[in-house]
2 protein chains.
Amino acid sequence: MVTFLPSRPGRLADVPSFDRAIGGAESNVACVLAAAGHRVRWVSRVGADGFGDHLVAAIAAHGVDTGHVARDPHRPTGVYFRTAGERATGADGEEPGTAEVVYYRAGSAASAMTPRSPGPAALAGARVLHLTGITAALSDSCLDVLRTLTRRTPGRPLVSFDVNYRVGLWQGRPQGPETLLDLARGADVVFVGEDEAAAAWDLHGPEAIRAALPEPGVLVVKQGSEGVTVLH
Amino acid sequence: MVTFLPSRPGRLADVPSFDRAIGGAESNVACVLAAAGHRVRWVSRVGADGFGDHLVAAIAAHGVDTGHVARDPHRPTGVYFRTAGERATGADGEEPGTAEVVYYRAGSAASAMTPRSPGPAALAGARVLHLTGITAALSDSCLDVLRTLTRRTPGRPLVSFDVNYRVGLWQGRPQGPETLLDLARGADVVFVGEDEAAAAWDLHGPEAIRAALPEPGVLVVKQGSEGVTVLH
C-alpha cells in the first residue's frame, strides 16, 4: 500500500502537498525480515497502475520475493493519507489531537483477494505465515481469506497474527472486534497492542487479554514505550 | 473531488510527491458560473474528513452554495491522481504517452448517492440542472440518480449533460457507452467531445453524433483546439 504523508504539519484540510511512502503492516514485516537475512515472500494484490509498479519494485528492492503479487487491471492500488497528529495543537488551549487518517482501500486491488486467489502455490513451502487484521477489514472476501488461513488444519505453517485493529477500517461494521478476536484465537502467535485490546474488546492488561485468547502458543501484548509482555 | 498532481514530470511510479488541487467536472462548472455572476448550487456528497472540509470550503469560497453537500461519516471523499501525460516522452524515440490517471472513487462518499439522496429540496427552484457521465459511472445507485434526473418529466429544469466518457471509470462494465448514450438522449443540452464519441460509440464527426442523439435541443460537439460545433 502507498502512504501519503503531509509535506508540512497541519490539519488534512490545510495541507497542500503530500509525499509518497510505502506503507502496509505486512510489507513492513516482510522488508524487516528480509533485511535480517530471512527468505521472505510478500503475497498481495496491487493495481496495474504506477503505484502498483512502485510498490512491487520498492519492496522487491528490499530483497522480498514479490513473484506472487497479483496485478489487478480493474482496481487501483490501495492508498491512504495520514497526518502526524498535529491537529488541534497550538496555543489556544485545545487538547493535542490524534492523527487524521483517510483510507482508500474499499474497492482496491487487495480488497479483491479471495481464498482461491492467492492460490496454494503462493504459500507452498512456507514455515511461517504472517497475517494482520487489516486484511480482514478490507472486504468480505478478504475476511474469508483470513478465516481460511487461520483455520487449524493439519500441516499448516505456523500462523502469526497481528490484530492491528483500525477503527476507521471497520466503520459501519460493528462485528469487527469480535471477528478479530475469532481470527486471533486461530493463530499460533498473536500480537496485539494493549490500547487496541482496550478499544476493540474492552480488555485491560495482558492477563485479561490472555484469558480471552487462550489458544495461541505465544501472545505478545505491545505496551508502547513500556515495551511488550510475552505470554507463553 | 480532490485531485493530486505530480510535483514534477514523470511516470506515476517515479513521482515522489503530489500537490492537492480541486477537481470534478460539476464543481468546475459551478465555480465558473458563480464567477460569471450566476446563482449556483453544487449538490454532492463528500466524506466527513479533511479532504471534504477542504473541498466544501474551497468551492463555497468561489461563491457556490454548498448547503446541500452531504457529509458521509463512513466513506471517504473521492480523490484521483493524474500525471500530465509525460510518460514515455523523451529522446528515446518512443511515442508521447497519455496521462496516467488513478481513480479512488469506488466506495467514495459521492458513490453512495441515490435517487432519494440528494432529496428534492436540493433541486428546488433550479432552472438549469447540469449533470455529467462521471456521476453515472460511480456506482449503480449513482446511475439511478442520473436515470431519474434525465427522465423527461413535466416541469423539470432544463437538463444539461456533459457525456464525460472516462474509460477508466467504466472498467469491467461494457455497458458504459450505451448507458451514456441513453442518458444523453434524455437531456436538453448535451456536450460531448468528438474524441469521446469516437471512443465510446464509434461515431465520427458532428453529423454522425447528431444522428445518434436526435432528442436534445442543443448538441455541442467539442473539437479540442478546433473549437466546437453547435447543432440546434
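## Conventions

The model is predicted, so that local features need pLDDT of at least 70 and side-chain atom pairs count only at pLDDT 80 or more, while totals for chains, interfaces and linings use all residues. Residues are numbered from 1 along each chain as its sequence is written, chains are lettered from A and ligands numbered from 1 in the order in which they are written, and side-chain values use heavy atoms, with hydrogens and water left out.

## The interface between chain A and chain B

The size of an interface is often expressed as the accessible area lost when the parts come together. Chain B and chain A bury about 2300 Å² between them, with 58% of this on carbon and sulfur atoms; buried area is the accessible area (1.4 Å probe) that two parts lose on being put together, summed over both. Of the area that chain B buries against chain A, 25% comes from B:R20, B:F51 and B:Y104, more than from any other three residues. In terms of contact (heavy atoms within 4.5 Å), 31 residues of chain B meet 31 residues of chain A.

Eleven residue pairs, both members at pLDDT 80 or more, are in polar contact between chain B and chain A. A polar contact is a pair of N or O atoms within 3.5 Å; within protein, one must be able to donate a hydrogen and the other to accept it, and residues adjacent in sequence count only if both atoms are side-chain atoms. The side of chain B that touches chain A draws at least two residues from each of β2 (17–22), α2 (50–60), β5 (79–82) and β6 (101–104) of chain B. Helices (H or I, at least four residues) and strands (E, at least two) are DSSP runs, numbered from the N terminus.

Strand β2 (residues 17–22) of chain A pairs with β2(B) in the antiparallel sense over three bridges; strands pair if DSSP finds at least two bridges between them. Within β2(B), B:F18 is the bridge partner of A:F18.

## Salt bridges

A salt bridge is a side-chain nitrogen of Lys or Arg within 4 Å of a carboxyl oxygen of Asp or Glu. By this rule there are 20 salt bridges over all chains, but zero between chain B and chain A.

| Pair | Closest N to O |
|---|---|
| A:D72 and A:R45 | 2.5 Å |
| B:R166 and B:E196 | 3.3 Å |

A:D72 in strand β4 (residues 70–72) and A:R45 in strand β3 (residues 45–47) of chain A are 27 residues apart. Both A:D72 and A:R45 are buried, where buried means under 20% relative accessible area, exposed over 50%, and partly exposed in between (1.4 Å probe, protein chains only).

A:D188 lies in the loop between α5 (176–185) and β9 (189–193) of chain A and A:R152 in the loop between α4 and β8, so the pair ties together parts 36 residues apart in sequence. A:R152 is partly exposed, at 46% relative accessible area. A:R156, in the loop between α4 (140–149) and β8 (158–162) of chain A, is buried at 19%; its contacts beyond four places in sequence include A:D188.

In chain B, B:R166 is partly exposed at 31% relative accessible area, whereas B:E196 is buried at 9%.
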